[in-house]
Structures are given as C-alpha cells and as structure tokens.
Amino acid sequence: MLTLEESVTERGARVTSRAKRIRIFLVDGHDLERIGMRIVLEKEGDVIVVGEERSWQAASPKIQRLRPDVVVMDLTAPEAERPNFLTEVFDVCRDRRVLFMSHRFDESTLATVVRAGTHGCILKNISSEDLIRALHSVTQGHSVIDPRLTDTLFGLVRDIREGKGKKTPLSSQERRLLPLLAQGMTNKEIAREMKLSDKTVKNYLVNIYKKLNISRRSQAAAIYSRSVALDQSFIPTAVSTGGTNGQTSPRPA
C-alpha cells in the first residue's frame, strides 16, 4: 500500500515509488557498468534510481534538484584528478551520503577520500547482494569499507600510529609550494613565484610525492585542498626550531 507517492521525471520517464525507498543517483562514465548497476538496483523493492550521469559536471545540478539519499560515484573518471574535485562533491552532497566505487584503491586514494569525508568505499566487482547491503548501511548512517580494502586501511592506521609521516616532514619550502600547486600553477609559474629554478621546483615535487606516498600533482593538490577545507594538519610539517631542523633543503639551482 502506497503511503506517499513521489514522481521523478528523468530521461523522459516518470517513476512512481514508495516514500521509504532509498533514492540513488549513479555517476559513472562506464556505460555498461552504470546500466548494469541500475538494472540490479531496480530489482530491489526498497531502492529507486532517481537519476544517472556519465560525469560529475552533468550530475551536480541534477543531484541538487533531485536530492537523492545516496550518490554512488565512480572514482576513476578523469575529472576526479582535479585538485578541487572532492571539495566540490562534498559541497554539493553535504546532506547526501556518498559511496565511492573503483576497480582499485591504493593507499593514497583511500586516505584522501576517507579524510575528505566519504561514507563508504567499495570495489566495483562487488556482488549485487553486498552492494545492496552497503547502500542500506550508509543510508542508516554507517560507514562502509569493502572487506578487501581492510589491509590497506589498517596499513594507513599503522602508519599513523607509528608516526611514519613525522620521520619525513615537509620542509618549509615544500609547504610553500603546495598552495601554489593547488592553485593550478605550472612548474614554471611556481618557479617564478618562489624565485627558484624549474629544476629545483621539480626536485621539490619529487620529494613531496615521496613523503606523501603519492605519484601525481593532482593528488598533492587534493590533499592540500582538503587539509585546508577541513582544517586538518595531516600533511606532515617540519618543526621550526629557528634553524634547519636537522634537514637540508635543496638549494636553488
């Protein structure tokens, strides 16, 4: 018996659903995977897919209009590499639950999305039953982590507990460079701003990647942006003692 009907018009179709159904919005650039997920979800009596898009740019205004309960998002899209991507996602989805999916999560990616405030991370080859359970869990206010990611997650926890990040703090110059990188500056522009050579800037970036356990400038920019937005100091910083803190920063070439 319908207690309340909601009508959603999307892709020219009219969908009538029970009020207590979990309203899902799918964001995935892989058509076959997105369509397959929609087919699986629509077989559930208490789940309704209110919309879907191939990109975050197209999905963002629809999510604000349709107000789904959960946004299920592919994290392998090229736009996910943008420095402010996660900031935009959680700004739009501040009242929504966000569940990220990917074919794999390395330590850096997992750490970034967890710190950003995601409600769950699951691998794309998850079973349909586990996907449904994950959706129910995040809707009820819980956080979800794919069991196959527990080793990666515990590795991050161990690193924090053992203080590994503190053994290789970012130098003052490296910390000066990060906000410039987050602004989208090129190496040449950063070099001009910091009055350094291009080679020195490149060396700083290599050091930053190694210390933060990342491989791309977009990851460094994302970590910095989220650190500022959430007022979290998880970027390891050097302790100022009035000297060099026992470290020698690269000299401008």
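This is a predicted model: local features need pLDDT of at least 70, side-chain atom pairs count only at pLDDT 80 or more; totals for chains, interfaces and linings use all residues.
## Overall make-up

The protein chain holds 10 helices and eight strands. Buried residues make up 44% of its 253 residues. Of the contacts with a separation of 6 or more, 64% are between residues 24 or more positions apart.

On one side, strand 5 (residues 70-74) pairs with strand 6 (residues 97-102) in the parallel sense, over five bridges. Strand 6 is also joined to strand 7 (residues 120-123) by four bridges, and these two strands run parallel. The table lists bridge partners that involve strand 6.

| Residue | Bridge partner | Strand of the partner |
|---|---|---|
| Val71 | Val98 | strand 6 |
| Asp74 | Met101 | strand 6 |
| Phe100 | Cys121 | strand 7 |

How many of the six residues of strand 6 are buried? Five are, so strand 6 is largely enclosed by the rest of the structure.

## Aromatic pairs

A search of the whole structure finds two aromatic pairs. One is formed by Trp56 and Phe85. Their ring centres are 6.4 Å apart and their planes stand at 80°, so the pair is edge-to-face. Trp56 lies in helix 2 and Phe85 in helix 3, so the pair ties together parts that are 29 residues apart in sequence. Trp56 counts as buried because its relative accessibility is 3%, under the 20% limit. Phe85 has 2% relative accessibility and also counts as buried.

The other pair is Phe90 and Phe100. Here the ring centres are 6.2 Å apart. The planes stand at 70°, so this pair is edge-to-face as well. Phe90 sits in helix 3 and Phe100 in strand 6, 10 residues apart, and the pair links these distant parts of the chain. Both Phe90 and Phe100 are buried.

Leu135 is found in helix 5 (residues 128-139). Its relative accessibility is 0%, so Leu135 counts as buried. Which residues is Leu135 in contact with, leaving aside its neighbours within four places in sequence? They are Ile22, Ile24, Leu41, Val70, Val72 and Leu99. Leu41 is 94 residues from Leu135 in sequence. In space, the two lie 9.9 Å apart, C-alpha to C-alpha.

Is Glu52 buried or exposed? At 7% relative accessibility, Glu52 counts as buried. The side chain of Glu52 makes a polar contact of 2.7 Å with that of Arg34. A polar contact of 2.2 Å joins the side chain of Glu52 to that of Arg38.

## The two sides of helix 8

Helix 8 (residues 187-194) has buried residues Ile190, Ala191 and Met194. They cover an arc of only 100° around the axis, which puts them on the same side of helix 8. An α-helix has 3.6 residues a turn, so residues three or four places apart point the same way. On the other side of helix 8, Lys188 and Arg192 are exposed. Just after helix 8 comes Lys195, with a positive phi of about 60°.

Key: Residues are numbered from 1 along each chain as its sequence is written. Side-chain values use heavy atoms; hydrogens and water are left out. Two strands pair if DSSP finds at least two bridges between them. Buried means under 20% relative accessible area, exposed over 50%, partly exposed in between (1.4 Å probe, protein chains only). Contact means heavy atoms within 4.5 Å. The arc is that of the directions from the helix axis to the C-beta atoms. Rings of Phe, Tyr and Trp (its six-membered ring) pair if their centres lie within 6.5 Å; planes under 30 degrees apart count as stacked, over 60 as edge-to-face and the rest as tilted. A polar contact is a pair of N or O atoms within 3.5 Å; within protein, one must be able to donate a hydrogen and the other to accept it, and residues adjacent in sequence count only if both atoms are side-chain atoms.
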